[in-house]
Amino acid sequence: MPQNQTMTLDEKLATGCRAVELKKAGDRDGYYRLMETIPIPPYIAKVIKEKMGAEYLTGRNLSEAEAEFGPDWLSK
Amino acid sequence: MDQIGLVSRITTATKNIDAGRKGFATRGKEQEGRILYEDGIAEAFSIFVESQTAADPQALILAEYAFITQELQLCDKSDKESISSLTRAIRFFDDAFLALQAVEDKQQYQGTEKTIPHDLKYRVKGFPKDSFHIAFNGHKTRIQNILKTPGLDPIEKDLLKQRLANLSTAQTAYLESQRKALAK
């Protein structure tokens, strides 16, 4: 799945549950890799940007944050 | 504490809590919602445990701030009291972040220290009761009050107890930062 793909709630639930199954099977790396495909909630992306810096969001799924705050949000 | 890893773990936990809560509220998705919510809470718990072990004020305040922000976002919009309390907590934590920056500048902080009365009311173990201490003291009271709520989900109760312990750890670590900043 492309890095900045949006997801419906159903897709988030299905992906998250698959990730949890990986964790239960002992594959923590697989769990975190799959979880990274889910968009970060915009209000959390905003916290990370403001309190840590935009660089900590590079490479993460910001599709929902960009939809809420604008496509250039991270660089502003 | 590894900052990039911390961000990954905070975003993971909050994603699952967010989707989990929304799953609960969606007919037919309650079970998936519960799985994700419990996983999110478990991830949050381990973040708070590791932050406490690291005794890193930056990690401790960031973790707490992220979850307060999420609580406000997911709060029932008709719950005016909680919205007010959480909004206030966020404002106080915004000030605490500024204090955390200020204490890193020895000269600046030594100047600030002179403006804080030496009366015990304005001091914590002899050090200024600044925005960091004010935010954390207020938030401790808030969490202690929530813990008195009957019928709390056991996993949420455990998380709140860990967060409460972390607040004390953060203040202890911050006192050390103040001590270093004010050392001649």
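Guide: The side chains of B:K29 and A:D10 meet in one, at 3.7 Å from N to O. Keep in mind that this is a predicted model: local features need pLDDT of at least 70, side-chain atom pairs count only at pLDDT 80 or more, and totals for chains, interfaces and linings use all residues. Residues are numbered from 1 along each chain as its sequence is written, chains are lettered from A in the order in which they are written, and side-chain values use heavy atoms, with hydrogens and water left out.

Visitor: How many salt bridges are there across the interface of chain B and chain A?
Guide: The rule finds five.

Visitor: And which helices of chain B supply the side that touches chain A?
Guide: α1 (3-24), α2 (30-54), α3 (57-74) and α4 (80-102) each supply at least two residues. Helices here are DSSP runs of H or I with at least four residues, numbered from the N terminus. α1(B) gives the most, with 14 residues.

Visitor: How much area do chain B and chain A bury between them?
Guide: About 2600 Å², and 68% of that is on carbon and sulfur atoms. Buried area is the accessible area (1.4 Å probe) that two parts lose on being put together, summed over both. On chain B's side, B:V7, B:K15 and B:L36 supply 21% of the area buried against chain A, more than any other three residues.

Visitor: How many residues does each chain put into the contact?
Guide: Chain B gives 32 residues and chain A gives 26, with contact meaning heavy atoms within 4.5 Å.

Visitor: Switching topic: how many disulfides are there?
Guide: Zero, over all chains. The test is a pair of cysteine sulfur atoms within 2.5 Å.

Visitor: So are A:C17 and B:C75 buried or exposed?
Guide: A:C17 counts as buried because its relative accessibility is 13%, and B:C75 is buried at 12%. The cut-offs are under 20% relative accessible area for buried, over 50% for exposed, and partly exposed in between (1.4 Å probe, protein chains only).

Visitor: Last one: where is B:K157, and what does it touch?
Guide: B:K157 sits in helix α7 (residues 154-182) of chain B. Leaving aside neighbours within four places in sequence, B:K157 is in contact with B:L147 and B:L152. Its relative accessible area is 33%, so B:K157 is partly exposed.

Methods. A salt bridge is a side-chain nitrogen of Lys or Arg within 4 Å of a carboxyl oxygen of Asp or Glu.
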